[in-house]
Amino acid sequence: MSDSFDPRTHNARPDELAGRVIAVTGASSGIGRAVALACARFGATVILVGRNARKLEAVHTEIETAGGPEPTIAVLDLEKAIASDYDQLAAAVLERFGRLDGLLHNAGILGTLSPIEHYDVPTWCRVMHVNVTAAFALTQVLLPALKRSPDASVLFTSSSVGRRGRAYWGAYAVSKFATEGFMQVFAAELENITSIRVNSLNPGRARTMMRRQAYPAEDLNSLPMPETLTGPYIALLGPASRDVTGRTFDAQS
Ligand code: NDP
């Protein structure tokens with residue numbers, strides 16, 4: 001089943017994620033917001049992780065208004081967080097839920113598009129920190145909670161520029177290659193000793209702030225809305241992908 005699994009063709013049952021606790025980083029906007037709303041629609045209790053409390057509260061309200069399970073907000077600025085912030089979040093998850101069934105690393109920043117020759121070093125460090133190091137730190141502190149789930153899924157949001165290098169995409173592209181590498185290393189470490197699966201998903205182009213920043217002159221109407229891309233995320237975060245690990249996927253053909 002593992003080799004033929006295609007998250008794009010999965011049709012989720014209405015209660016597919018019922019009873020699951022799923023944390024989504026960057027849940028305040030764009031793809032993360034859309035996936036958080038979809039997770040709740042399919043029955044999950046969602047931990048909304050982000051840096052902007054006001055935006056997270058708006059997503060919280062949307063979920064409640066739609067009748068989804070009550071979500072939780074975890075304010076965490078991945079650029080500024082220190083060890084105790086991560087520890088507090090992990091302790092709160094264990095105390096409140098006793099386990100974690102899904103972790104979607106979705107928050108990210110673009111940095112600047114620039115040739116390597118002129119790439120600004122502090123921007124490089126910021127992008128690598130938010131996109132890679134913070135995801136590593138969050139994964140590490142949440143691992144005890146993931147181990148307590150009978151069927152946990154860790155999913156990384158990747159990008160096409162993290163699978164084949166592209167000129168001028170600088171730290172962003174390199175951070176996505178690192179994301180893919182981290183996914184593979186972590187999946188291999190866990191494969192025979194836990195039931196935790198670890199995969200990556202490239203959402204493809206979507207109408208979000210980041211895409212706008214990368215392509216300011218692009219016609220927004222030509223881009224799919226994030227809400228249309230959530231199906232593969234549900235398949236990879238939920239029971240449909242049980243035993244699928246160490247794999248890279250695309251949300252769009
Ligand atoms: P958005 O800019 O809309 O979303 C990025 C999210 O990351 C926001 O929720 C943002 O929070 C959050 N974030 C940024 N910095 C931090 C931080 N320091 N701490 C906590 N959260 C932070 O872009 P997308 O929805 O497009 O991006 C989501 C993911 O999809 C990214 O990993 C991106 O690389 C990937 N992707 C996107 C594509 C596209 O075409 N849109 C294509 C391929 C991959 P806030 O709301 O506060 O800004």
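Which residues come nearest to the ligand, of the 30 around it? They are S28, R51, K55, Y172 and T208. A residue counts as near if one of its heavy atoms lies within 4 Å of the molecule.

A word on the model before going on. This is a predicted model, where local features need pLDDT of at least 70, side-chain atom pairs count only at pLDDT 80 or more, and totals for chains, interfaces and linings use all residues. Residues are numbered from 1 along each chain as its sequence is written, and side-chain values use heavy atoms, with hydrogens and water left out.

R51 has a polar side-chain atom 2.7 Å from an oxygen atom of the ligand. S29 also places a polar side-chain atom by a ligand oxygen, at 3.0 Å. With N106, a polar backbone atom is involved, 2.8 Å from an oxygen atom of the ligand. On its own, the ligand has 890 Å² of accessible area, and the protein covers 93% of that. Such areas come from the Shrake-Rupley method with a 1.4 Å probe.

Next, the shell around the ligand. Helices are DSSP runs of H or I with at least four residues, strands are runs of E with at least two, and both are numbered from the N terminus. α6 gives the most, with 3 residues. By type, the shell has 10 nonpolar, 13 polar and 7 charged residues. Here Ala, Val, Leu, Ile, Met, Phe, Trp, Tyr, Cys and Pro are nonpolar, Asp, Glu, Lys and Arg are charged, and the others, Gly among them, are polar.

On to empty space. Rolling a probe the size of a water molecule over the atoms shows where it is left. The method uses a 1 Å grid over the protein atoms alone: in a cavity a 1.4 Å probe fits but cannot get out, while a pocket is an open set with protein on both sides within 12 Å along at least five of seven lines, and lining residues have an atom within 4 Å of a point.

What takes up the largest pocket? The ligand does. A molecule sits in a pocket if more than half of its atoms lie within 2 Å of the grid points. About 1,000 Å³ of space lies in this pocket. It has 45 lining residues, and N106, G108, I109, T208 and M210 are closest to its centre. α6 gives the most to this lining, with 5 residues.

Last, the cavity. There is 1 of 30 Å³ or more. The largest cavity has a volume of about 110 Å³. Its lining has 13 residues, with H105, N106, A107, N131 and A135 closest to the centre. Here α4 gives the most, with 4 residues.

Key: Polar contact = N/O pair within 3.5 Å; in protein donor to acceptor, adjacent residues only side chain to side chain. Points joined across faces, edges and corners; volume = space filled by probe spheres on them.
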